[in-house]
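Reader: I am new to this structure. Please show me how to read its contacts.

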Amino acid sequence: MAEIFTGISSIRYEGPESKNALAFKFYDADRVVMGKPMSEHLPFAMAWWHNLCNGGKDMFGDPTTDKSFGAEANTMAHAKAKVDAGFEFMQKVGIRYFCFHDIDLVPEADDINETNRRLDEVTDYMLEKMKTTGIQCLWGTANMFGNPRYMNGAGSTNSAEVFCFAAAQIKKALELTVKLGGRGYVFWGGREGYETLLNTDMKFEQENIARLMHMAVNYGRSIGFKGDFYIEPKPKEPMKHQYDYDASTAIGFLRAHGLDKDFKLNIEANHATLAGHTFQHDLCVSRINGMLGSIDANQGDLLLGWDTDEFPFDVYDATMCMYEVLKAGGISGGLNFDAKTRRPSYTYENMFEAFILGMDTYALGLLKAAAIIEDGRVDEFVKDRYASYQDGIGARIASGEATLEECAANALKLKAPKLPGSGKQEYLESIVNSVLFG
Ligand code: XUL
Ligand code: CO
């Protein structure tokens, strides 16, 4: 098998002073941070769809990057060439995981039986490569948004026939995830929402999504899938409104339908910002509910109102992300670069530069988050801020013993409360700046 990314060798750590575009400046896989090597804190994954399938086509123009990898488009030869390219790429960049949708792997046939046969063939080929390289599957999923049959949703569709096709795709994608030893299985409900409530039975649609998820859990467990199922929240795009709006909404949905033992969340940075939150907000909501499973590590452009899926560059955001991850005691999933190079970055070398940027940004985020925690001033301030709940009436409130009458009597005795203490936001922000740049 011929080398695809010729002229590019394995990417190595050279340190912050390096001017070599094809070297890591901050990601040093073996460097130990808070007792664990960076590579364990940061289980990076490659998204099959962006890195191997997306050539930069957008609504206004054709692809700018040739992702044929020497094969004819829409053939099994091309599917296998993508496997060759993907494994060579992951090995060279030092990534140990990948994520996939079913139809990222093979061209979809008119007959789903033929699509399934193609999927069996390509995953046999992938398994061989996984054995020789040690590269693993982070998660799998079924694309239930691209095919026109999903125009009204998959679990939420008005058509029972289409619902069955969604079930068939999930069944197969779960089998493939188990075959490839995937850690997780993702539901991203791109079309699970509505364009207008005038034609939508929202209650029935949401119940049907839950029914489909229960079916998936039952089947997955019956074939030995031990990993986590994930919901990946997103508020909109492609639909006007998507049911998995944000972390809070998805957690409420999972609890309401008895799915919270089998599901966690896959939080994507650009989806959180589309929901009007910071990335850290949705990570924090997931963490405090014990639901932080995996992360789609990318970033959006706050000047634009859509999902730009950029490689992460914002060190503040990556720092606050890794702060949440460290507070959660790590994640059982990974950090999937659900990101694509910008359309004018069309060379193979640019693909490597993009991953170097993303991995270095998260390495910095990890180092800086660890430094904020080790510095201790932020944590100490937060702890002190709630000190009034440590004894007296505060302790009784926090333990759930206090009654409304007791609290009210306390207020009447005090006549007027003291001010609750300064929030000192500017002081805390300046601590973060000193840790980042000091
Ligand atoms: C779309 C998105 C998806 C999911 C998997 O915005 O993030 O690629 O990650 O379906
Ligand atoms: Co995503």
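Author: A polar contact is a pair of N or O atoms within 3.5 Å; within protein, one must be able to donate a hydrogen and the other to accept it, and residues adjacent in sequence count only if both atoms are side-chain atoms. In this predicted model, a polar side-chain atom of Asp 338 is 2.7 Å from an oxygen atom of ligand 1. For Glu 232 the distance to an oxygen atom of ligand 1 is 2.7 Å, and for Asp 296 it is 3.0 Å.

Reader: Which residues coordinate the cobalt ion (ligand 2)?

Author: Donors are N, O and S atoms within 2.8 Å of the metal (3.2 Å for Na, K and Ca); water is not among the atoms, so sites may look incomplete. Here Glu 232 (OE), Glu 268 (OE), Asp 296 (OD) and Asp 338 (OD) coordinate the cobalt ion (ligand 2), at 1.9 to 2.1 Å. Along the chain these donors have the spacing E-x35-E-x27-D-x41-D. Glu 232 is in the loop between strand E10 (228-231) and strand E11 (241-242) and Asp 296 in strand E13 (residues 292-296), so the pair ties together parts 64 residues apart in sequence. Strands are DSSP runs of at least two residues, numbered from the N terminus.

Reader: Are Glu 232 and Asp 296 buried or exposed?

Author: Buried means under 20% relative accessible area, exposed over 50%, partly exposed in between (1.4 Å probe, protein chains only). Both Glu 232 and Asp 296 are buried.

Methods
Residues numbered from 1 in each chain as written. Chains lettered and ligands numbered in written order. Predicted model: local features only at pLDDT ≥ 70, side-chain atom pairs only at ≥ 80, totals over all residues. Heavy atoms only, no water. Helix = DSSP H or I, 4+ residues; strand = E, 2+ residues; numbered from the N terminus.
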